[in-house]
Each structure stands twice: as C-alpha cells, then as structure tokens.
Amino acid sequence: MRTKCFYCNRPSIVYLRYANLRLCEKHFVKFVEDRVRKTIERYKMIKENDRVLIAVSGGKDSIVLLNILKNISNEYSFSVYGFTIDLGIKRYNKYVEIAEKCFRDAGIKYIVYSLEKEHGFTLDDVVEKVKTRKPCSVCGMIKRYILNKYAYEHGFNKIATGHNLDDITALQLLHLLRGNLEGLKKLVPVLEGRGKLITRIRPLIEVYEKDIELYSKIKGFDVVKEKCPYYIGAKTLFYKDILETIERKSPSSKIVFFRTVISKIIPMITTGNEEAGSLKTCRICGMPSSRDVCSFCRLKLKMKE
Ligand code: SF4
Ligand code: ZN
Ligand code: ZN
C-alpha cells in the first residue's frame, strides 16, 4: 500500500478518500488552505480592500477560519478583524479567553463585545426570563443581530463565519426533507446583503469537518472543549450521520450534493425578488426587520419588564 505523500517523499499522515490523495502534514495544510482560496475565488467572496469581520466562537471552525483568512489577507489585499460576543453565560465563559488568545496569536485587531455591558443583560438572564423560546434560538438571534449591527456601524462590508461542508450539507438535507425552501435558499456560500444587512461569507463551506479538525490539531490551536450548558444537541446531527454513511460508501458525495443544491436546485427556486418589500426598518433601532420592532428590540423591552 502506498504510504508516501502524493506530492513528496515524506510519509503520509492522512488519506483523503474524496480526493483519492495521501498527504504529508505539510501538503495537507497546503491542501486545506488552497481549498479555502479556491472557495473564495469560485464564489467571488472577497474583493480587494474588503473589510472582513470574522465571527469567532472559540470552536475549531472559527479559529481555523480566522487563521487562514489572516494568512491569505495580504495575498488578496483585504483586512480582517476578529469579533467575539461575551454572552455572559456563567458556566461557559472560557471561550472568550480562548478567542482573545487566538486573536493575539494571529496578530489581528479584535473586539470582545459584552452583551451585559452594552445592553444590561446576559444570556443567563434571558434564559431565566424567556421561557417561550429555546435558548439556542434566542442566542442565535442575538448573535446575528449584534454581529450585523456592529459590522454595519463600523464600516465592515463582509461578515465571515466558519460553517463547514458537513454543517451546511446536513442543513440542506434537513430543509429539503422538510420542504423548507426559504431556509434552503440561505445555505449558500455568499448571502448577499442589502441596505443595512451586511453580506455574509462562508469560506470553509467546501472544507470537510474532519479536515478542519486535523488542520487545527496540526497547528496546535487551543479551541474550546467544554459545552455550553444550554446546548441540547444539534438537530442536524442525525442528518450529518446519514451523509457520513453515504460518504463512506461513495466518497465525495457531500461535495457533489452541496454543489448540486447551490448550482441547480437553489437557482430553480429563486425568483429574484426574495423578501422584496418584506423588510421594514425597526422603529426603535433602525435596523432591518420583518416587523415594526425587530426581535432584538422586542427582547430588550421584555428584559426591562
Ligand atoms: Fe448560544 Fe446555544 Fe451556542 Fe449556547 S449552545 S452559545 S445557547 S447557540
Ligand atoms: Zn508531502
Ligand atoms: Zn430594533
């Protein structure tokens, strides 16, 4: 059996079945970074002089994303800035330190945005008060709102997040099976912004989760290990397992599925005037909203009751 790297004589440390490649450590790192470069180019994610705000949660995906984008930012002449939100979860705050360390190690400017300092409440307070929504659902809304508003107010024209191929294909399968076409349309490499909605990009969208894990291990990144106390298990886990089983039998199925969805299915169901006219302006904060008052401002009002 061939155990040498495809590109050099060093012993291989990994076999990528979907690409039929055995690679040594050095060439594996290059392979992952090139995959991100190609994704950025294929989907025209970043232009010269873009100001990219990177959302970092302390998990492996966002830390790998931050480091790769920082390393290639000179090549493509864009600037990167790290952003993490301190949600104020008592039993889960190590991720903030980890994110800060990662920003310092990568040598990039960053901001730690404290929900409590800026708005007077923590996620723990929200969970205590709001019983009608699951913590992750409110938390997701808070993070999206803050990230977008911060980017808009500070002149960033792109927000980068660390979704990987496994996350996205699992969600695509789930939405397809539930007939949720509106949800499906959002699972694309670039979610174009308009008005005060900043464009979102997903540079790791064609990178397998296992490759991100291995890349992070090789680089020795410190990533958050403990789980948030409100984590109840991603609903996509089951769909990830199904796709993994298919991938094992038929390597590269995930990437083929992903590209088929985004290049064939989504264009077929896209009319071009998605949400046209449905976005209003929140009368409290002035940010885009589907209702008179946006979800975040409604939450703030509730927290004051
Ligand atoms: Fe927020 Fe849920 Fe993630 Fe905890 S697990 S940080 S509540 S999204
Ligand atoms: Zn090699
Ligand atoms: Zn608002």
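Donors are N, O and S atoms within 2.8 Å of the metal (3.2 Å for Na, K and Ca), and since water is not among the atoms, sites may look incomplete. The exercises below use a predicted model, in which local features need pLDDT of at least 70, side-chain atom pairs count only at pLDDT 80 or more, and totals for chains, interfaces and linings use all residues. Residues are numbered from 1 along each chain as its sequence is written, and side-chain values use heavy atoms, with hydrogens and water left out.

**Exercise 1.** Work out how the donors of the zinc ion (ligand 3) are spaced along the chain, and what arrangement they form.

*Solution.* Begin with the donor atoms, which are the SG atoms of Cys 282, Cys 285, Cys 294 and Cys 297, lying 2.3 Å from the zinc ion (ligand 3). Reading along the chain, these donors follow the spacing C-x2-C-x8-C-x2-C. One pair among them links distant parts of the chain, for Cys 285 is in the loop between strand S9 (280-281) and strand S10 (288-289), and Cys 297, twelve residues apart from it, is in helix H12 (residues 295-304). Helices (H or I, at least four residues) and strands (E, at least two) are DSSP runs, numbered from the N terminus. Finally, take the angles: the four donor atoms subtend 105 to 115 degrees around the zinc ion (ligand 3), and therefore the arrangement is tetrahedral, a term that requires four donors with all angles between 85 and 135 degrees.

**Exercise 2.** Find which strands stand at the edges of the open sheet of six strands.

*Solution.* Start from the strand order, S5-S4-S3-S6-S8-S7, with mixed pairing, where two strands pair if DSSP finds at least two bridges between them. Strand S5 (110-114) and strand S7 (190-191) each have a single partner strand, so one side of each is left without a neighbour in the sheet, and these two stand at the edges. As an example of pairing, strand S3 (residues 51-55) and strand S4 (residues 79-86) run in the parallel sense over five bridges.

Key. Chains are lettered from A and ligands numbered from 1 in the order in which they are written. Four donors count as tetrahedral if all angles lie between 85 and 135 degrees; four count as square planar and six as octahedral if opposite donors are over 155 degrees apart and all others between 65 and 115; anything else is irregular.
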